[in-house]
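These are notes on the structure shown below. Please read them with the model open and follow each point in turn.

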Amino acid sequence: MTDLGLQGKRVVVTGAAGGLGRGFALGFAEAGARVIVADINPDGIAETAQMIRDAGGVAEPVTVDVTSAASCTALAEAAAGAFGGIDILVNNAAIYAGLERRSFEDIDEAVFDKVMAVNVKGVWQMSRALTPLMRQAGGGAIVNVASATVFSGSPQWMHYVASKGAVIAMTRSMARELGDDKIRVNVIAPGFTLTEASLGLMEDAASYGVSRGALKRASEPADMVGGALYLASDLAGFVTGQTLIIDGGRQFI
Ligand SMILES: NC(=O)c1ccc[n+]([C@@H]2O[C@H](COP(=O)([O-])OP(=O)(O)OC[C@H]3O[C@@H](n4cnc5c(N)ncnc54)[C@H](O)[C@@H]3O)[C@@H](O)[C@H]2O)c1
């Protein structure tokens, strides 16, 4: 792989028990980074960490609930203990699997609150727990994972779309606040991508939206990794507050 300057960098990937998060964790490890594999699902992170170690990489699984400030602080302490600090955070954890499509008029209030707690508050809690370590390191990069649904306004999923719109808005605000600390904050907005979670959402998941794309194939987690590595690396050293849509040209072309 091309040297992206990520050798030895210390990365936290949340939601890394499977799906895209596992893809990001494996991708950063392959690029030479040391990875804190974080998720609320302890079995999944143990598996991801083992996959990285089997491939010769460095990984530590750490259980976290991103909605809890105390849990995010504990993760920061674990990261400082394991690697002496953190350079990069990938905020990928979200409620996505199992979300029912419903008219906005019929969304259950408790489900709405839960989606906001994980997808919005979780990004805030994790970011504020780890920025002190990035400051100590002299700078860093945060890559937030939103969704291309923000731009398509995917119907019957208003809570999820709104939560991911908030991630883009928070990114722009955090980027402005953290520029003086040399911490860059950007977003990846994936289009529909085949993961266990997305396959569970509908019967025709493998062909969903393919005909609308400029590139007519289904998207895999590996398709998202290059964008995250780029935004986290010095190649994107003058890029902050931006959103990279990775959807094979479905939304705008
Ligand atoms: N798969 C897609 O089509 C698609 C498209 C656009 C955006 N995304 C986004 O990509 C990311 C990953 O999606 P995925 O398809 O891999 O889904 P996924 O459900 O496999 O991944 C989400 C992960 O977040 C973890 N998580 C949930 N609540 C948590 C909490 N409170 N604390 C810590 N971890 C928690 C889950 O255990 C899970 O491992 C999500 O942000 C999702 O919104 C996915």
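1. Helices (H or I, at least four residues) and strands (E, at least two) are DSSP runs, numbered from the N terminus.

2. A word on the source. This is a predicted model, in which local features need pLDDT of at least 70 and side-chain atom pairs count only at pLDDT 80 or more, while totals for chains, interfaces and linings use all residues. Residues are numbered from 1 along each chain as its sequence is written, and side-chain values use heavy atoms, with hydrogens and water left out.

3. Next, the sheet. Seven strands form an open sheet with parallel pairing, in the order E3-E2-E1-E4-E5-E6-E7; two strands pair if DSSP finds at least two bridges between them. Strand E3 (58-63) and strand E7 (243-246) stand at the edges with a single partner strand each, so one side of each has no neighbour in the sheet. From one strand to the next, the twist averages 20 degrees.

4. Two helices pack on this sheet. Helix H6 (residues 158-178) touches E5, strand E6 (183-190) and E7, and its direction makes about 160 degrees with that of E6. Helix H8 (residues 222-232) touches E4, E5, E6 and E7, and its direction makes about 165 degrees with that of E6. The axes are lines fitted to C-alpha atoms, for helices over the stretch in contact, and angles run from 0 to 180 degrees between N-to-C directions.

5. Look closely at strand E5. Strand E4 (residues 88-91) is joined to strand E5 (residues 140-145) by four bridges, and the two run parallel. Asn 144 in E5 is the bridge partner of Asn 91, and Leu 89 stands opposite Ile 142. Six of the six residues of E5 are buried, so the strand is largely enclosed by the rest of the structure. Gly 140, Ile 142 and Asn 144 point one way from E5, while Ala 141, Val 143 and Val 145 point the other way. In a regular strand the side chains alternate between the two faces of the sheet.

6. What lines the largest pocket? Its lining has 48 residues, and Ala 94, Tyr 96, Ala 97, Thr 195 and Ala 197 lie nearest its centre. By class, 23 are nonpolar, 16 polar and nine charged. H1 gives the most to the lining, with four residues.

7. Gln 156, in the loop between H5 and H6, has phi near 65 degrees, a positive value in a residue other than glycine. Lys 182, in the loop between H6 and E6, has phi near 60 degrees, also positive in a residue other than glycine. Lys 182 is exposed (over 50%), with a relative accessible area of 61%.

8. Last, Lys 216 lies in the loop between H7 and H8. Is this residue buried or exposed? Lys 216 is exposed, with a relative accessible area of 57%. Not counting residues up to four places away in sequence, Lys 216 touches Val 210 and Ser 211.

Technical notes:
Contact = heavy atoms within 4.5 Å. 1 Å grid on protein atoms, 1.4 Å probe; cavity = no way out; pocket = protein on both sides within 12 Å on 5 of 7 lines; lining within 4 Å. Nonpolar A, V, L, I, M, F, W, Y, C, P; charged D, E, K, R; others polar. Buried < 20%, exposed > 50% of the residue type's maximum accessible area, 1.4 Å probe, protein only.
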